[in-house]
Structure formats: structure tokens, C-alpha cells
Amino acid sequence: MRSFCFPESFVFLFYFFLTSHRSGCIIGAMSDLDPLIRYRKHLVDEKRKFLAQLYEKVELVVRQKKVIEEQLDKERELAEASDVPETITYFGRYADGARKKIKALMQSIEKMEVRIAAAQEDMRVAFADLKKIEIVRDSRAAREDAEQNRKADQAMDETALDNYRRRLEEEAK
């Protein structure tokens, strides 16, 4: 009675089958974290947008402050160049109002800078959480890939040993 021997093409197909399904296993393992990663990326993006809006608001207030300061300087020059004595009196009132506006804008900027610092910290924490989850996903994928490679190598070794034993048995007959 002749023993059954697997052709080498079958061994290749078996190996191909194992390796092609290996990628499916990795995708399956990663897919349980993918929705969480997408959600965390969305949170980081939203926090980034909010931070950008805060920076834009600060920039707008800074521009407003600069405009008021330029107007104040221009009015000062006009008041100094004027020959009318009441101009200095009116300029004094205008300058007091402008300084109050500038002070209010500076306080607004300080409040926004505190909010920016808090938003930056919040975004940093969210980004760190996202990276932790991505690292866990990648380590799981690497672990599963190594396990699949080990199983494939073990199957190939078993097939090669079986073929070797069968050849020895056939030669011995």
C-alpha cells in the first residue's frame, strides 16, 4: 500500500491560505478599536478647531486694540496741531474713553489666554489618549501577526516532516 503524499503545489496553496487569512485576522482584531480611534480623532479635531477659534478671537481683539491705539495717536497729533484750546479738553475725554476700551480689550485677551491654555491642555490629553489607543491596536496587530506566522511556520514544518517521513518509508520499501 502506498502512502499519500501532498504535492508541493498543495503545500504552497496551504501556506498561501494561511497567510491570506492572517491579514483578515489582523483586520478583525483592529476593527474593535477602529471606531474608538475614529471617535478620538474626531474629538481631537474638534478640540483643535475650538483652539483655532480662540486664537482667531484673540487676534481679532488684538487688531481692535491696535486700531484704537492708532486712532488715539492720530487724534493726539491732530489735537496738538490744533490752535483751538477746547480741542485738548475734548481730546482728554476721548483719550480716557480710548484707554478704558484698551484696558477692557486687554482684560478680554487675558481671559482668552487662560481659556487657550485650558484648551491646549485638553487637546494634549485627548491626543495622548488617541495615541495610547493606537499603540494598543498596533501591539495587538503585531502580536496576532506573530502568532499567525508561528502557526504557519509550524504547519509548514509539520508538512515538511510528513513529506520527509513518507519519502524515507518509500525508499525503505
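This is a conversation about a predicted model and the terms used to describe it.

Biologist: What are the ground rules for this model?

Modeller: It is a predicted model, where local features need pLDDT of at least 70, side-chain atom pairs count only at pLDDT 80 or more, and totals for chains, interfaces and linings use all residues. Residues are numbered from 1 along each chain as its sequence is written, and side-chain values use heavy atoms, with hydrogens and water left out.

Biologist: What is the mean pLDDT of the protein?

Modeller: pLDDT is the predictor's confidence in each residue, from 0 to 100. The mean for the protein is 84. Of its residues, 82% reach 70 or more.

Biologist: Where is confidence lowest, and where is it highest?

Modeller: It is lowest in helix H1 (residues 8-31), at a mean of 44. It is highest in helix H2 (residues 34-81), at 95. Over residues 1-29 the pLDDT is below 50. Beyond near neighbours in sequence, that stretch has 29 contacts in the model (a contact means heavy atoms within 4.5 Å).

Biologist: What makes a run of residues a helix or a strand?

Modeller: Both are DSSP runs, numbered from the N terminus. A helix is H or I, with at least four residues; a strand is E, with at least two. By that rule the protein has three helices and zero strands. From the N terminus on, the order is α-α-α.

Biologist: Which contacts join residues at least 24 apart?

Modeller: Take the contacts between residues at least 6 apart in sequence. Of these, 89% join residues at least 24 apart. For a separation in space, take Leu36 and Leu130. They are 94 residues apart in sequence, yet 8.7 Å apart in space, C-alpha to C-alpha.

Biologist: Why is Leu36 called partly exposed?

Modeller: Buried means under 20% relative accessible area, exposed means over 50%, and partly exposed lies in between (1.4 Å probe, protein chains only). Leu36 has 33%, so it is partly exposed. This residue is found in helix H2. Of the 173 residues of the protein, 21% count as buried.

Biologist: What makes Phe91 and Tyr94 a tilted pair?

Modeller: Rings of Phe, Tyr and Trp (its six-membered ring) pair if their centres lie within 6.5 Å. Planes under 30 degrees apart count as stacked, over 60 as edge-to-face, and the rest as tilted. The structure holds one aromatic pair. The ring centres of Phe91 and Tyr94 are 6.5 Å apart and their planes stand at 40 degrees, so the pair is tilted.

Biologist: How do you know that Phe91 and Tyr94 are about one helical turn apart?

Modeller: They are three residues apart in helix H3 (residues 86-172), so about one helical turn separates them. Phe91 has a relative accessible area of 13%, so it is buried. Tyr94 has 32%, so it counts as partly exposed.

Biologist: Why can charged side chains pair?

Modeller: Because side chains of opposite charge can pair when their charged atoms come close. A salt bridge is a side-chain nitrogen of Lys or Arg within 4 Å of a carboxyl oxygen of Asp or Glu. The count comes to 14 salt bridges.

Biologist: How do you know that Asp96 forms a salt bridge with Arg99?

Modeller: Their closest N and O atoms are 3.3 Å apart, and the rule asks for within 4 Å. Both lie in helix H3, three residues apart. Asp96 is partly exposed at 43%, and Arg99 is partly exposed at 44%.

Biologist: What about Lys131 and Glu134?

Modeller: Their closest N and O atoms are 2.9 Å apart, and they form a salt bridge. They too lie three residues apart in helix H3, about one turn. Lys131 is partly exposed at 35%. Glu134 is at 11%, so it counts as buried.

Biologist: What makes Arg150 and Glu147 a salt bridge?

Modeller: Their side chains meet at 2.5 Å, N to O. The limit is 4 Å. Arg150 is partly exposed at 43%, and Glu147 is partly exposed at 31%.

Biologist: Why does Arg137 count as buried?

Modeller: Its relative accessibility is 19%, so it falls under the 20% limit. Arg137 lies in helix H3. Asp34, Arg137 and Asp138 are linked in a network of salt bridges.
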